[in-house]
Amino acid sequence: VVHGQGGTDTMFLAKALSQITSINGQTRKEFNPMAIGDLPVHQGYAVDHIVLSNGNEIYFTGIERIEGESASRLASSSVIELLVTPNDPEFKDQWNLHVQDVPSAWRFTTGSDEVLLVSLDTGVLPESTPEQVYGHLSDLSEHRLLTDPTDDENRSFVDYAYGHGHMAISVMSSTPNNNEFVAGINWTSDVLVADVYDGPVSLQDAIQEALAYAGQTGQKVVFQGGIQGESWLTNGGSQQELEAILAASEATAVYAVAAGNGGVEVDHIPDPGEDRNESGGVARLQAAHNNVIAVGAMQREQEMVDGLANALDVKRAEYSNYGHGVTLMGATDSRATYQFTGI
């Protein structure tokens, strides 16, 4: 089985693509990357496969394009694209998608209405007025946003967190294939917005309300927590009460929580004299709860591969917390919609 290396990968064949008789059971002419059918599974991977005219078969995963022998490498007849490519103009520069192989994941799923996304962050910006030219809501599907007036993220621009919740929501769920701005990772799921910074709801109440809503609709929940620091451990109740909520929802909810921007070990508990606003806080609870994910930040250093922004190197962002307590590193500095500069 040929495995891609991550990012945008091409598999080269030392023969013309005309010798391929089928791809995943389809002829080359009828091949559709999103019509995957019943793929074989190898060591937990769904495996693509091609059959050659001589009867040989090739199995592969994580490959975005197949290039065959041709008089001209630029000839369209020498390339088969497996990449799902939305028409959003900034898609090519969304390095976070390409680094994480999201366009390959879209072949299998673009999200589900059986899953509820919940933003525990600074809220979402209101709709633009005619006098505004930012277009900051034009790339979000308003029918997918579950909001109320308390979720207005019209904060002071001097606040470093300004726009964070809105940007995170746009990375998660911006409308694809609308010829505008960016493509979100999830094309289907609704997004419940909770402004836990300036809104009237506490962190624990926001989590409980989201779980109650999902319980009524029969949905499972993915929480995005733009929260860091010690204070969130007791925001709306004691740490013991927060952990009880996490434990009780283990079968139905997962919590992806910012590891923190202090540039310290995520498991470090700050002393009273230290900065307690940039510690791991809630992310530290991943050590005791299987449904908590501590997400660090991977620095953007890109190169273009086949016209798409990929990772030039793998580095931790200098400000990101780190250590064995970090579950995974998320690509940061991602293309997103926000108020003052559009993208």
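A residue counts as buried when its relative accessible area is under 20%. The views below come from a predicted model.

**View 1. Arg65 and Glu67 form a salt bridge.** The side chains of the two residues meet at 3.7 Å, N to O. Arg65 has a relative accessible area of 14%, so Arg65 is buried. Glu67 is also buried, because its relative accessibility is 5%.

**View 2. A salt bridge joins Asp48 to Arg107.** The distance from N to O is 2.8 Å. Asp48 sits in strand β6 (residues 48–52), while Arg107 sits in the loop between α2 (102–105) and β10; the two are 59 residues apart and link distant parts of the chain. Asp48 and Arg107 are both buried. In the whole structure there are 9 salt bridges.

**View 3. Lys92 and Asp93 pair through their side chains.** This salt bridge spans 3.9 Å, N to O. Asp93 is buried, since its relative accessible area is 14%. Lys92, with a relative accessible area of 39%, is therefore partly exposed.

**View 4. Helix α3 (residues 164–173) is mostly covered.** Of its 10 residues, 8 are buried; among them are His166, Ile169, Val171 and Met172. The buried residues of α3 pack against several elements, including α1 (95–99), β10 (115–121) and β12 (191–195).

**View 5. A patch of negative charge lies on the surface.** The patch gathers Asp271, Glu274, Asp275 and Glu278. Glu274 is in the loop between β14 (253–258) and β15 (292–298). Its relative accessibility is 34%, so Glu274 counts as partly exposed.

Conventions
Residues numbered from 1 in each chain as written. Predicted model: local features only at pLDDT ≥ 70, side-chain atom pairs only at ≥ 80, totals over all residues. Heavy atoms only, no water. Patch = residues over 30% accessible without salt bridge, like charges linked within 9 Å, V, L, I, M, F, W, Y side chains within 5 Å. Areas by Shrake-Rupley, 256 points an atom, 1.4 Å probe, with all protein chains shown as cover. Salt bridge = Lys/Arg side-chain N within 4 Å of Asp/Glu carboxyl O. Lys, Arg positive; Asp, Glu negative; His and termini not counted. Charge placed at Lys NZ, Arg CZ, Asp CG, Glu CD. Helix = DSSP H or I, 4+ residues; strand = E, 2+ residues; numbered from the N terminus. Buried < 20%, exposed > 50% of the residue type's maximum accessible area, 1.4 Å probe, protein only. Contact = heavy atoms within 4.5 Å.
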